[in-house]
Amino acid sequence: AGLFGANDNVNLQQWTAYGESLSLESRYRGFNTMGYTALLTPEEIPAHEQMVRAWGIDEYRVKGKRDVAKVSAVTLLYPHTFNRLAFGNDPFGTSPERRQAAELARDSGRLVLTAPVVPRANPGNKVGKVIIANVPVYRADMRQATIAERRMAFRGFVFVITYTQDMMRDVTEGLDNVDMAITDDSAQGGPEVVFASSPDPLRPPGRTEPVMIEKRIELGGRRW
């Protein structure tokens with residue numbers, strides 16, 4: 001989101017260069033996609049579509065309903081070559097989980113994580129659910145001191161999609177005789193297991209009375 005603080009009009013070439021500079025794919029095994037979703041009024045859509053098509057996404061169109069005050073549209077993606085069909089998607093209109101997380105990020109001005117969800121697209125044929133991190137982007141020339149001001153200044157959000165299984169295997173790799181489990185305690189219906197390094201991490205093989213350490217943290221607007 002810091003890229004938008006320095007440049008109000010980030011294009012696809014700049015977004016790709018920024019993504020490559022972060023080395024996300026080599027540094028984070030679970031990384032899938034980094035993107036930006038814009039919020040648009042119906043009057044802004046024609047010029048917006050023309051702008052994105054000029055970047056080389058010839059088939060780009062805003063896919064959400066146009067009879068609403070504002071529609072969301074996935075405008076930037078990294079990497080974009082394997083997931084071009086996601087351009088123009090409307091996460092606000094099609095995913096209650098993503099809308100809830102983005103609106104909480106908008107109101108708080110902070111990073112907010114979704115609950116683990118099944119990805120709509122999976123070009124890499126990876127296994128498991130994803131967690132989507134959402135960071136709000138505001139108009140730099142507008143005040144953001146209160147919730148009302150942040151809602152007025154809100155222009156969209158940066159999102160990062162990560163596969164939880166791959167991410168945590170990267171973290172736990174090389175930890176011999178250690179098992180780990182992570183639960184999402186904010187999940188509807190009670191705690192949901194997000195990651196488990198073994199079928200029963202509380203009873204690792206060969207140990208009848210394991211030593212267990214439990215930590216509870218608040219991160220991204222959720223309890224883990």
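Guide: The count comes to eleven salt bridges, a salt bridge being a side-chain nitrogen of Lys or Arg within 4 Å of a carboxyl oxygen of Asp or Glu. This is a predicted model, where local features need pLDDT of at least 70, side-chain atom pairs count only at pLDDT 80 or more, and totals for chains, interfaces and linings use all residues. Residues are numbered from 1 along each chain as its sequence is written, and side-chain values use heavy atoms, with hydrogens and water left out.

Take Arg53 and Glu49. Their closest N and O atoms are 3.9 Å apart. Both lie in helix α4 (residues 45–54), four residues apart, so about one helical turn separates them. Helices here are DSSP runs of H or I, at least four residues, numbered from the N terminus. Arg53 is partly exposed, at 35% relative accessible area. Glu49 is buried, at 8%. The cut-offs: buried is under 20% relative accessible area, exposed is over 50%, and partly exposed is in between (1.4 Å probe, protein chains only).

Next, Glu103 and Arg99. This salt bridge has its closest N and O atoms 2.9 Å apart. Both residues belong to helix α6 (residues 96–108), again four residues apart, about one turn. Glu103 is partly exposed at 23%. Arg99 is partly exposed at 36%.

Now Arg151 and Asp107. Their closest N and O atoms are 2.8 Å apart. Arg151 lies in helix α7 (residues 147–153) and Asp107 in helix α6, so the pair ties together parts 44 residues apart in sequence. Arg151 is partly exposed at 45%. Asp107 is buried at 14%.

Back to Glu49 and Arg53: salt bridges with shared partners join them and Arg66 into one network.

Terms used. Helices (H or I, at least four residues) and strands (E, at least two) are DSSP runs, numbered from the N terminus.
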